[in-house]
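Please look at how the copies of a chain are arranged. Then see where they touch.

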Amino acid sequence: MALLHDDRLFPAEEGTRAIARRLYASIRGLPIVSPHGHTQASWFADNKPFPNPVALFIQPDHYVFRMLYSQGISLEDLEIGHPYIEEPREVWRVFASHYHLFRGTPTRLWLDFAFQQLFGLTERLSATTADDYYDTVCAKLASQQFLPRALYDRFGIEVLATTDSPLDSLQDHRLIREGARSGGWAGRILPTFRPDPVVDPAFPGFAKNIETLADISGEDTATWRGYMRALAARRHFFKALGATATDHGHPTAQTADLTESKASRLFEAILEGTADAAQQEQFRAQMLTEMARMSLDDGLVMQIHPGAVRNHNAQIFARYGRDMGADIPMRTDYVEALRPLLNRYGNEPGLTVILFTLDETAYSRELAPLAGHYPCLRLGPPWWFHDSPEGMMRFREQATETAGFYNTVGFNDDTRAFLSIPARHDLARRIDSAFLARLVAEHRLEEDEAVELAHELTYGLVKKAYKL
Amino acid sequence: MALLHDDRLFPAEEGTRAIARRLYASIRGLPIVSPHGHTQASWFADNKPFPNPVALFIQPDHYVFRMLYSQGISLEDLEIGHPYIEEPREVWRVFASHYHLFRGTPTRLWLDFAFQQLFGLTERLSATTADDYYDTVCAKLASQQFLPRALYDRFGIEVLATTDSPLDSLQDHRLIREGARSGGWAGRILPTFRPDPVVDPAFPGFAKNIETLADISGEDTATWRGYMRALAARRHFFKALGATATDHGHPTAQTADLTESKASRLFEAILEGTADAAQQEQFRAQMLTEMARMSLDDGLVMQIHPGAVRNHNAQIFARYGRDMGADIPMRTDYVEALRPLLNRYGNEPGLTVILFTLDETAYSRELAPLAGHYPCLRLGPPWWFHDSPEGMMRFREQATETAGFYNTVGFNDDTRAFLSIPARHDLARRIDSAFLARLVAEHRLEEDEAVELAHELTYGLVKKAYKL
Amino acid sequence: MALLHDDRLFPAEEGTRAIARRLYASIRGLPIVSPHGHTQASWFADNKPFPNPVALFIQPDHYVFRMLYSQGISLEDLEIGHPYIEEPREVWRVFASHYHLFRGTPTRLWLDFAFQQLFGLTERLSATTADDYYDTVCAKLASQQFLPRALYDRFGIEVLATTDSPLDSLQDHRLIREGARSGGWAGRILPTFRPDPVVDPAFPGFAKNIETLADISGEDTATWRGYMRALAARRHFFKALGATATDHGHPTAQTADLTESKASRLFEAILEGTADAAQQEQFRAQMLTEMARMSLDDGLVMQIHPGAVRNHNAQIFARYGRDMGADIPMRTDYVEALRPLLNRYGNEPGLTVILFTLDETAYSRELAPLAGHYPCLRLGPPWWFHDSPEGMMRFREQATETAGFYNTVGFNDDTRAFLSIPARHDLARRIDSAFLARLVAEHRLEEDEAVELAHELTYGLVKKAYKL
């Protein structure tokens, strides 16, 4: 018995499946390059064991608890938001007895992968097997082979980027880096510059953050120019610790191209707290263009992740705070929104801007046509709700014919759940193999080309796009 | 020769088809649960024979006559809008000689099912076979086995909901119910509370309807509180006659959460006829939230069906009135629109709100993420233009990975064409079997799970969601 | 070795593929009917050889150079915008060494078709084979068999429409026509009336164009009525030279239905240059309705092609002008936009309006429901970015169930690249065969019906819809 079939996610038609198998065989062993995600550098700096299955599989994973919540299980029953889980076995049992809810979801595929590949479990998770799972996972987590660094090595990770506030000291990154330099663990953990807390006036604590930015950088962030210098300095600091990219999670993809004096006055209004919603949006818009300008100087790759309505559930937000599974995508426009930035920097050979979306309608209508023209643009992989078998397939089907493969940048696991990383990369490799196999089976591509492309989609393009 | 192949709608690939066959075999005999539709209770109360093939297949079915009209056949030639069809055989011949227009549409599949399964016809409908069809159908319709109650029983219907105005006396429902209680026909025909005529100020006759509501309920509907009491009373009346659900066909999904005094003043403006379009929209929005509040009291399940531009063709509307095949879907937003209602009641364990859409782009972007989080939300099946093989498949492909299967509610036939009910349910069962079979064939699900899910999608989830 | 496989673009599953092969065999030899495209009548009037592979395959084809540009190749390196290509072999080498960029795109399929079918090349284009390709193509282009008229005949073209300004003298069309009448070459090259330069106030040179229109027509275009008469006259002139259709490339699908006095005053404001953007949009909107009115008089079929943001890249536009691969689709609404025109003329039996879109979300939500009701409406084939294997398949999957096949109008090649015409039609025939084969394999259609439909989709419907 097994949770995983060797042919999983391959098309059923025999000829196509045989091609998919061959393509997948040529890439399954490639190192994992993870240029965008939400793991914690401290895990690798401290290298302490993960405490228990709940802390590992449920608490950090809003994919898991949002589904349980949607079916009437309270967040209290899952001890979400508790600093310390008091009854992890009970929480695990609740999860196990509702495991059928995940049928047809990628979460199910990711979890089964980890259960079998890492913990040797082969019987399906259910109320019946809950305790056996719990005990098995607990036992393994206590062993040396399940410490974060050991897992990183075992997963075959070549490089792993985290996502960090510009106000972060990056102390953990520094420790890992220094350790490696002095002959210690050689894992490559890189920070990513995510300036939302200091460029989005709607971010909680924005005013305070601007002050902290002044303290850290030694610049006068009460002036536009000082603020610019402070941001440039923090980018430089991140870059010195290995960062190759920035990331921007604005509500929309809106950009702006104001004169310096207008930008400066807008910044004043923001600092004075007199800016209305439209001005705040314009400020975020201008800051994307400023970030592009700085990228031309320092070479950091820009990632733009728009389109999430954050904290849609007011009651959940009031009680549990951010990132509680209550972010919902919304319609997102790119064509007019990106125009100011693109008109200024879109033809710069030195700039790379990677676009993501939560609105799949943009793939064929806006994103592929934009990326198939502007030299600076690349398409990020399917994101968040869409990094699933069907979602990934739709991305390839809808983007490739206009943007080609070479304007895409490989896979992002984008996860907070460290153990899901190999599962997610495996899933992406299988879906890419399946998509390419169909093109070969339908004689739209030769197999030698598909082999080359499979390698590019898994390894080549991501290293090039993110400058890794 | 046959119109129907046993393997219709199953994937062609042999392995997958074999799985689909097995799944379908496990559910094909399940009773039909029809929680949402537009049949007439009077058919079952009176149990009179259906007059002729035109009255049965063409006149009530806007799917049929809109296609004919789009290809230049006048509604006059089809005697649409005539109280009595003068030359039914001639109308039937027009239809038969244009039957090729329906190639590739679900209408063709539904009709062929009825032709063969109910009338034993096996040669394709065409100008040549028109008269044979006409005579065969007429002969059968005159027999006992084709009376409405006999067909209900033969179709294996367990429960059938109609859609009714709050002003309706539900006399037919009462008669059926009393008949059953006194040992007569035991069919279960339930009303559904559809308050559009008394909550949508743009509904034809709204002011008059509010007065009638007063007469029926004995409440003073000239005041906000009396109006609220009147609505609650009518809901109670519907519930007493078996209703388990309400249905709301607003142009948009907009909700509101006004204070009582604001709602009351808005209602005054509506009654005075001074409300502009924005106020009318706000009133409808507020009424959805009021309906949710009442649902918390009386337990009725809410269905929201937004997104149709009604009566798009002004000339057709002026001459023939509503429901003449000239309703066109429009872009529909849910994320911001539902926020007021969800912020107030979204986390209530006792509430069920079933969301429908005519805008398929909302499946993966808005509806699945919402239903995969809020405990009160469930996703209705593909609706209207989309309750077709490709439409149903897109729904499963686009909604399942985020919402799972268990946040959906099975199938609605939603039809005015009584004879299409078994055809529509059969089609849905086949498509669900085909979708599940692919997941099994691609090793994304085990077959025992697919069997369980097929049963849930056909029978279990609908009974639970609609409290039947 | 071969670039093309006989089964290309057919589904891999053997049973379905066998059906697709049979369907394709029944239509592959049908004449090419090309009712909409951007070839030059002068090619056929002059019948001069095409100069070299670059002028043939790269310079006129923005699909080709936009992809190269997106990957960092400058337009200078491709000598785009040069009146005379100085180093065609060098440009060709750049293209050849980047041919892998086109993997997965329709451009690759179109080019391979031309390379093999016309030039006998069977080894893949690459840096290695660049010179061999260049020499082979050059040699053939110099031969009699590769003159435009010979190619037209060889391609099996029955009729080919160009797209022309209302200010065009159509001298080349006249010459071809007169030649044919006097026993010369019998190719049928028809003009299409594309009035954008004189009905879109935002069109470069609009005011001057209106004056030229006066000169050509002898009407006083400074008055609304004179302007109307001038347009009617030009339409008449086009019709006299064989035109059967008009074409409208407005930014949106907005229509209007103003009184004559309002339209007249709006026209005055436009001519005076005092009209703002909203008034310009209203003017374009009114002109679509005026064109529909004129179509009722003269019988010309209307084509509406909305949804492109033209010249998105300001730097490219400033340096190279229009049509440089920097047009990007945008979201496009039809339901409310078309209402004024449809309310006035939507039920006219004599009118045909063919709708196109760059926004695929409109297929199932708006376009198919509209075309499945209004007698005047037909759906144009997938356009521009979407005239690709996946794009065509999505169109059939998303439009057919509501609009049927008979509300569509066959294929448009819409190309500036003459040599891609047979490739594009071949691709469309294969995809239609593949789609129909799936319906047959899934028993949603009988094979004899699919054979009939394949013929209609390739030949019958286009001739009927465009009155050819």
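Among the residues of chain B, B:Glu13 comes closest to the rotation axis, with its C-alpha at 3.5 Å. This is a predicted model: local features need pLDDT of at least 70, side-chain atom pairs count only at pLDDT 80 or more, and totals for chains, interfaces and linings use all residues. Residues are numbered from 1 along each chain as its sequence is written, while chains are lettered from A and ligands numbered from 1 in the order in which they are written.

**Symmetry**

- Chain B superposes on chain A by a rotation of 120 degrees with 0.0 Å of shift along the axis, at an RMSD of 0.0 Å (least squares on the C-alpha atoms of residues with pLDDT of at least 70 in both copies).

**Contacts between chains B and A**

- In all, 38 residues of chain B contact 41 residues of chain A (C-beta atoms, placed from the backbone, within 7 Å).
- Helices (DSSP runs of H or I, at least four residues, numbered from the N terminus) that give two or more residues to the chain B side include H1 (14-27) and H19 (421-441) of chain B.
- H17(B) gives the largest share of that side, six residues.

**Different surfaces**

- Only 5% of the interface residues of chain C are also interface residues in chain B, so the copies meet through different surfaces.

Definitions and conventions. Two residues are in contact if their C-beta atoms, placed from the backbone, lie within 7 Å.
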